[in-house]
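Q: I am new to this structure and would like to learn how to read its features one at a time. Could you take me through them, beginning with the terms?

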Amino acid sequence: MLPFGITVFEFAIVTFISAFVGIAILVGVSRFVKARYLAAFALGVYLWFFTDTLGGANYLNVNGGPVFSFELVSLVALFVLGLLAFFGADGRIFLAGDEGSKRGLAVAALAALAVGLHGFGEGVDFGVAAALTPSTSLLGAFGGLGEGAAWVLHKMLEPTIAASCYVALVGPGARSRTDRLTDALALAAVFVLPAVVGSVTGYFAAFATMYF
């Protein structure tokens, strides 16, 4: 078993720094690269991670066989509620131009939360593994440097989806450098929070995460 406090803190710090670096790089290069190309990059990341980010949402347990069950009904219901919640937030936030620019951070935060929610399940899996492993080393428990680097890369790339929304609506010169840094930190926090909460809960209890 890995110690709770240190382990969760290390997980949170590594995940947050990875997300922040990914967001900050994309926001930084937006001064030199057109938003359409950054959006294309983010779409590529999204498709690359498609089975990871949308696996639980789009399978809806149908890969478990044609069984009519409470699990299936509840997953379908949550899928519909999730769509309505995110797309029904306020249609005006997706407008281009001056009004869209003012709402750019809100759109990016929604995207960060949408992509970050699946991280709750990853966090739970991390917490369960940390509580049950016989290893006393964090890297040793999860496979070593290669697996650690894979996690860092994973969490650097995923939030670029939110960052691309931010630069597309806000624009490269609409806010000061300090404001853009603060916005990047905020987006990273929104993206990482579900994973950190998951790691805390998973350390003490293992449960089905597909609903999240």
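A: On a 1 Å grid over the protein atoms alone, a cavity is a set of points where a 1.4 Å probe fits but cannot get out, whereas a pocket is an open set with protein on both sides within 12 Å along at least five of seven lines, and lining residues have an atom within 4 Å of a point. Grid points are joined across faces, edges and corners, and a volume is the space filled by probe spheres set on the points. This is a predicted model, in which local features need pLDDT of at least 70 and side-chain atom pairs count only at pLDDT 80 or more, while totals for chains, interfaces and linings use all residues. Residues are numbered from 1 along each chain as its sequence is written, and side-chain values use heavy atoms, with hydrogens and water left out.

Q: How much space lies in the second largest pocket, and which residues lie nearest its centre?
A: Rolling a probe the size of a water molecule over the atoms shows where empty space is left. Here the second largest pocket holds about 340 Å³, and its lining has 13 residues, with Phe-126, Leu-138, Phe-142, Gly-148 and Trp-151 nearest the centre.

Q: Which element gives the most to the lining of the second largest pocket?
A: Helices (H or I, at least four residues) and strands (E, at least two) are DSSP runs, numbered from the N terminus. H9 gives the most to this lining, with 4 residues, and the protein has 11 helices and 0 strands.

Q: What salt bridges does Lys-155 form?
A: A salt bridge is a side-chain nitrogen of Lys or Arg within 4 Å of a carboxyl oxygen of Asp or Glu, and the count comes to 2. Lys-155 pairs with Glu-122, the closest N and O atoms being 2.8 Å apart. Glu-122 lies in helix H7 and Lys-155 in helix H9, so this pair ties together parts that are 33 residues apart in sequence. Lys-155 also meets Glu-158 in a salt bridge (2.9 Å, N to O), and the shared partners join Glu-122, Lys-155 and Glu-158 into one network.

Q: Is Leu-84 buried or exposed?
A: Buried means under 20% relative accessible area, exposed over 50%, and partly exposed in between (1.4 Å probe, protein chains only). Leu-84, which lies in helix H4 (residues 70-87), counts as exposed because its relative accessibility is 58%. Both Glu-122 and Lys-155, by contrast, are buried.
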